[in-house]
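Got your viewer open and the model loaded?

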Number of protein chains: 2
Amino acid sequence: MGHKRLTPSPTLFPTPVVLVTSVDDSGKPNIITLAWAGVVNSEPPMIGISIRRSRYSYASIKKSREFVVNLPSEEMLKGVDACGIVSGKDTDKFALTGWKALPAQKVKPPLIDECGVHMECQVKQIIPLGSHDLFLGEIVALHVKEEVQKKAGGVDIAKCHPFAYCPGAHEYWNLGRCIGDYGFTKGKP
Amino acid sequence: MGHKRLTPSPTLFPTPVVLVTSVDDSGKPNIITLAWAGVVNSEPPMIGISIRRSRYSYASIKKSREFVVNLPSEEMLKGVDACGIVSGKDTDKFALTGWKALPAQKVKPPLIDECGVHMECQVKQIIPLGSHDLFLGEIVALHVKEEVQKKAGGVDIAKCHPFAYCPGAHEYWNLGRCIGDYGFTKGKP
């Protein structure tokens, strides 16, 4: 089996694909698609998102210190891809995609109604890293649509039709099937 | 469509599942399975991983300021789950799983030979957040096995058999199929 050393690049896959909503100075909502996103803490629950300084959402979130992480379904893929390319500076992405904005409960940026899960976040730290700044947000409100909830509690992943991004291939992939519950081995592989 | 507001918890899915290797003071290698991991910067390429202070890997990485992110395949699922449960304090996880350690090029922690992709990282910042500390590491070496590379360059995701974790459901899911390349809409959904 041959190993090959390549020029370092972010080759961590699969990553989530999230739609992050924000509002600018005038209160206008915007959407940016991000794959540089992840959970960073459990108690309190926190998410980290990294944004290039040139993006329109960057200044909005830096100033307002609020954002919402919306999880899209596979049916939304074209809109998700488009929202990662065009700029909110000159495009109304809600008009572009036809998605509906719903008011959030604790922050100004809206929820995207077509998404099954929304996490309202307040920025706690902003860490400049080079090309991107890392925004660390505490989840202050979590919404899960009833139709994607399990009766026993928790999210019914199959009903969410989630997808992932694969850096290193520049591809979106959907999920296949559940292959195990966390802890199923009880520590014995 | 009913919305339901729940107690905030990290409900970002899918997340990657990574095997992070480290060495302790005595030079003994260890493995920890993490889902709180993500890309945080492109130039320079950086990865963020969050670890509870009680974990054995926490002190090792804090002291050595080095770790390797190894991407497992579905065939490794049982070992991956087990390495997230047992502690390196009293268990040799290479012996437990039967995986083979290979020397890295720029850092002390080993590569896990069974993984197709390895990223050697040097810690640049450690950010305490509550339950977890966030370690921000720069990727200083990237290895992709020849058998999971595309001839044209880049990673052949299908050959990696990657899988993801879904917080909110506590489930591991494999990937299904490629549903699009980044930028395929050219901004027109």
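This is a predicted model: local features need pLDDT of at least 70, side-chain atom pairs count only at pLDDT 80 or more; totals for chains, interfaces and linings use all residues.

**Stop 1**

How many residues does the contact take from each chain? It draws 103 residues from chain A and 103 residues from chain B. Between them the two chains bury about 9,200 Å², and 65% of that is on carbon and sulfur atoms.

Now for the polar side of things. Across this interface there are 6 salt bridges, and 40 residue pairs are in polar contact. If you're wondering which element of chain A to pick next, go for strand 13 (residues 171–181), which supplies 11 residues, the largest share of the side that touches chain B. Sorted by kind, the residues on that side of chain A come out as 55 nonpolar, 30 polar and 18 charged.

**Stop 1: strand against strand**

Click Tyr172(A), and you'll find Gly180(B) standing opposite in strand 13 of chain B. Then click Cys178(A), whose bridge partner in strand 13 of chain B is Trp173(B).

**Stop 2: salt bridges between the chains**

Show side chains for Glu74(B) and Arg177(A). They form a salt bridge, with the closest N and O atoms 3.6 Å apart. This pair crosses between chains: Glu74(B) sits in the loop between strand 7 (66–71) and helix 2 (77–83) of chain B, while Arg177(A) is in strand 13 of chain A. Glu74(B) is partly exposed, at a relative accessible area of 25%, and Arg177(A) is partly exposed too, at 48%.

**Stop 3: Asp133(A)**

Over all chains, the whole structure holds 16 salt bridges. For one of them, select Asp133(A) and Arg53(A), whose side chains meet at 2.8 Å, N to O. Why call this a tie between separate parts? Asp133(A) belongs to strand 11 of chain A and Arg53(A) to the loop between strand 6 and helix 1 of chain A, so the pair links parts that are 80 residues apart in sequence.

Are the two partners buried or exposed? Asp133(A) counts as buried, at 2% relative accessibility, whereas Arg53(A) is partly exposed at 41%.

Stay on Asp133(A) and show what surrounds it. Its side chain makes a polar contact with the side chain of Tyr58(A), at 2.6 Å. Neighbours within four places in sequence aside, the residues in contact with Asp133(A) include Ile49(A), Ile51(A), Lys62(A), Ile126(A) and Pro128(A).

**Stop 4: helix 1 of chain A**

Tyr58(A) leads you to helix 1 (residues 56–64) of chain A, where the buried residues are Ser57(A), Tyr58(A), Ser60(A) and Ile61(A). What covers them? Among the elements of chain A that do are strand 3 (18–23), strand 4 (29–34), strand 10 (117–128) and strand 11 (132–144). Step just past the helix and check the backbone at Arg65(A), which takes a positive phi of about 55°.

**Stop 5: two last picks**

Select Gly27(A), in the loop between strand 3 and strand 4 of chain A. At 43% relative accessibility, Gly27(A) is partly exposed. Draw a C-alpha to C-alpha distance from Gly27(A) to Pro109(A): they are 82 residues apart in sequence and 8.5 Å apart in space.

Finish in chain B with Asp156(B) and Lys159(B), whose side chains meet in a salt bridge at 3.7 Å, N to O. Asp156(B) counts as buried at 17% relative accessibility, while Lys159(B) is partly exposed at 48%.

Note on methods:
Residues are numbered from 1 along each chain as its sequence is written. Chains are lettered from A and ligands numbered from 1 in the order in which they are written. Side-chain values use heavy atoms; hydrogens and water are left out. Contact means heavy atoms within 4.5 Å. Buried area is the accessible area (1.4 Å probe) that two parts lose on being put together, summed over both. A salt bridge is a side-chain nitrogen of Lys or Arg within 4 Å of a carboxyl oxygen of Asp or Glu. A polar contact is a pair of N or O atoms within 3.5 Å; within protein, one must be able to donate a hydrogen and the other to accept it, and residues adjacent in sequence count only if both atoms are side-chain atoms. Helices (H or I, at least four residues) and strands (E, at least two) are DSSP runs, numbered from the N terminus. Ala, Val, Leu, Ile, Met, Phe, Trp, Tyr, Cys and Pro count as nonpolar, Asp, Glu, Lys and Arg as charged, and the others, Gly among them, as polar. Two strands pair if DSSP finds at least two bridges between them. Buried means under 20% relative accessible area, exposed over 50%, partly exposed in between (1.4 Å probe, protein chains only).
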